[in-house]
Amino acid sequence: MTTPKTPSEKQNRSIQRHNTRRNELRLDIAIGLLLLGLLIIIPIFGPGRYIIGQITLFFIWAGVVTNWNLIFGVAGIYSLAQMAVFLVGGYTAALMGFYGDAPFWISAWIGAILAGIASVIIGAATLRLRGPYVMLLTLAIAVMIQKLVVTDVECFYYEGALCYPLTGGPRGLMKFGDFGFREFLGYKQAPLGKYYLGMILLTISTIFAFVIIKSPFGSAFRALRDNQLLAASRGINRVKYQILVFGMSGFFTGLMGVLYAGHFKTIGTNMLEIELLLFLLSMMVVGGLGTRWGPIMGGIIIMVSNELMKEMGEWRMIAFGVITVFFIVALREGVVGLANNAWLRWRNRSSN
Amino acid sequence: MTGFLVVFESGLSQGAIYAAAAIALAMVWGAMGMLNMAQGAFLAVGGYASFAVVSTLGFPWWMGLPAAIIVGAFIGACLYYSTVKWMYRAPSYDTNIVIATVGVAIVVENGLLKIFTAYAKRQPFHVDGGILLDTVTLRYQTLINTAVALILMLVVAWLLNRTRTGTAIRAVSLDREAAELMGVSVQKIYLQSMVIAGAIAGASGVLLTSVIPMSPYVGHDALLKAAIICVIAGLGNIPAAFAAAFILAWVETSVSFLAGARFGFPALLLLVIIVLLWRPYGLFGRSQGGRV
């Protein structure tokens, strides 16, 4: 039985929609604070250096994926050069530390800004491209960087009889200093410094991503992603938005690259390998492309399964491949979409 | 003169491989709008199929090629049933399929790693010796590979232009809905395209591994080079892809010869970046326009 809609009913629905939006925001804040609180107190239980290190790594990868998701999932620009941007940040800090003894606290900013600029250039290059051509162009950029650095064996700097190429070549760069937590907090507490630094960076990236997705920017991106022509004819300026999202996401990705370099005290072009790309891609896909919580949830799931499958050798990569294919084929909205649908169904049932 | 001959010979040798790899990629990309990132893994599968049949099971060396073609066709069908069949109607299929095929590539490569180990194998489909031209040897292998690539190109061109299946494939690639309304079964056409492309990829894998050592990751660079060729030559035009493969191989070997080996591949990558910046749908591609 359908009854004709009365104005008051219309009003009711508008209020209801407003309420759902406010509830959504409340839920986001609640989940966020819960997670953050949990992450703050985990070190108190003393889980050991290994777990702390792995969670720090989770912060780095979740941060990278959060920023990648802004470009890839929300804006729908399928860039595969994310790890190249990450390396711009990491290498800048590493090179400045290696050749100039620059402290990480300063070089981090320069690395992040350069990564943002590199990202803007990539974003500008992909402006006119669509779909698979974007992927091909960005992959070509990443592979070109990788090939040029890996084959760089010309001696640039000598340390005794040892010769170092400018970029470190296939071995990458080492011995370039770090954030100095060891001098600051002592050997025992140093991992905690990196842990909390990673947590803060991930939190800032996530808040930034949420604001972008929720703001008119996010709506503009979704409009451009879903129907570029229609969006353009409604006066949405693609150039402005695309440059902006690439710049900001590149900045935060570069910061994550610096954090990685400072955490592992080494950085190299092995970061551009396809295995790592799939690993990060699976986080984004499993979590849910373009969803707000996708990168964090996907990051947790993939990092935990990675830990569980540690002993399984090649089966581990096979499993990640199968998971990625399964989610992209059958569950395109990822676990977040799945949870969302389940929640909606439950609410509808209980309200009827 | 010697320099020219060196570049000519190694360019011919590379070009034959790129051409074979590019044919299958161009066909699937043109017919199904699918950039198949698993193509590189398929090349490796072809190489290992030949290795398994000849070196492990003891068949004569030339049996490697038909074995690779059969296994390649089979894995093409597997790719269709595992991904394409469920995806091609969904929105943003053209990009999601790239993600899916990256996943498939990782699965296949690590599967090969598990079965055959990372230790580099020697391709049994291999002929030693050659003709001495001035100071440079024109290897028999290069001639065989060029001939096989040429045959593959002609077969595919014939299939696409002279057979009913080919007509249907072209119709689907032009306008899927219209072709479906005319009674073409899109699913069948996609399956057939994948099987043909898989078979060609298997054969090109044998050619590829006859020149460079076989490993599960052997197809990575070849895949990217094939994609570059497709962008330069345009999609669906198989003879153009064939010609572009040799031209680009000569460009690459010339750059390697003149500027140093490490700049050969990056030069090609730079070339494709420039081409895409200048012509976003490839050198001969057309803008699809768009519907509002």
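How far apart do the C-alpha centres of domain 1 of chain A and domain 2 of chain A lie? In this predicted model, the two centres are 20 Å apart. The domain assignment places residues 46-271 of chain A in domain 1 and residues 273-341 in domain 2. Chain A also touches chain B, through 36 residues on each chain.

- The contact between the domains draws 19 residues from domain 1 of chain A and 16 residues from domain 2 of chain A.
- On the domain 1 side of this contact, helix H2 (49-74) and helix H7 (190-214) of chain A each contribute at least two residues.
- H2(A) gives the most to that side, namely twelve residues.
- By residue type, the side of domain 1 that touches domain 2 consists of 13 nonpolar and six polar residues, with no charged ones.

**The interface between chain B and chain A**

- In the contact between the chains, 36 residues of chain B meet 36 residues of chain A.
- Four helices of chain B each supply at least two residues of the side that touches chain A: H3 (64-87), H4 (93-116), H9 (219-233) and H11 (264-278).
- H4(B) provides the largest share of this side, with 15 residues.
- This side of chain B comprises 25 nonpolar, eight polar and three charged residues.

**The largest nonpolar core**

- The largest nonpolar core contains 199 residues, and B:Ala22, B:Ile23, B:Ile229 and B:Cys230 have the most contacts inside it.
- Helix H1 (residues 2-32) of chain B contributes 16 residues, the largest share of this core.
- Both domain 1 (46-271) and domain 2 (273-341) of chain A give residues to the core, so it lies between them.
- Leaving aside residues up to four places away in sequence, B:Ile229 touches B:Tyr18, B:Ala22, B:Ala241, B:Ala244, B:Ala245 and B:Leu248.

**Helix H13 of chain A**

- H13(A) covers residues 314-330, which is 17 residues, and its first and last C-alpha atoms are 24 Å apart, close to the 24 Å expected at 1.5 Å a residue.
- The buried residues of H13(A) include A:Met317, A:Phe320, A:Gly321, A:Thr324, A:Phe327 and A:Ile328.
- An α-helix has 3.6 residues a turn, so residues three or four places apart point the same way.
- The packing partners of the buried residues of H13(A) are helix H11 (274-287) and helix H14 (334-351) of chain A, together with H3 and H4 of chain B.

**Helix H2 of chain B**

- The 18 residues of H2(B), residues 39-56, should span 26 Å at 1.5 Å a residue, and the 25 Å between the end C-alpha atoms agrees with this.
- Because 15 of these 18 residues are buried, H2(B) is largely enclosed by the rest of the structure.
- After H2(B) comes B:Gly58, which has a positive phi near 85°.

- Strand E1 (residues 130-133) and strand E2 (residues 136-139) of chain B run antiparallel and are joined by four bridges.

**Two residues in contrasting surroundings**

- A:Ala115 belongs to helix H4 (residues 104-125) of chain A.
- A:Ala115 has 30 C-beta neighbours inside 10 Å and therefore counts as buried, since the cut-off for a buried residue is 20 or more.
- Although A:Ala115 and A:Thr253 are 138 residues apart along the chain, their C-alpha atoms are separated by 7.3 Å.
- Not counting residues up to four places away in sequence, A:Ala115 touches several residues, including A:Val85, A:Val88, A:Phe251 and A:Thr253.
- B:Phe74 is found in helix H3 of chain B.
- B:Phe74 has 16 C-beta neighbours inside 10 Å, so B:Phe74 counts as partly exposed.
- B:Phe74 and B:Lys188 are 114 residues apart in sequence, and their C-alpha atoms are 15 Å apart in space.

Note on methods: Residues numbered from 1 in each chain as written. Chains lettered and ligands numbered in written order. Predicted model: local features only at pLDDT ≥ 70, side-chain atom pairs only at ≥ 80, totals over all residues. Expected span 1.5 Å × (residues − 1). Buried ≥ 20, exposed ≤ 12 C-beta atoms within 10 Å, placed from the backbone. Contact = placed C-beta atoms within 7 Å. Nonpolar A, V, L, I, M, F, W, Y, C, P; charged D, E, K, R; others polar. Domains from an automatic or database assignment. Pairing = 2+ DSSP bridges. Core = buried A, V, L, I, M, F, W, Y, C linked by C-beta atoms within 7 Å.
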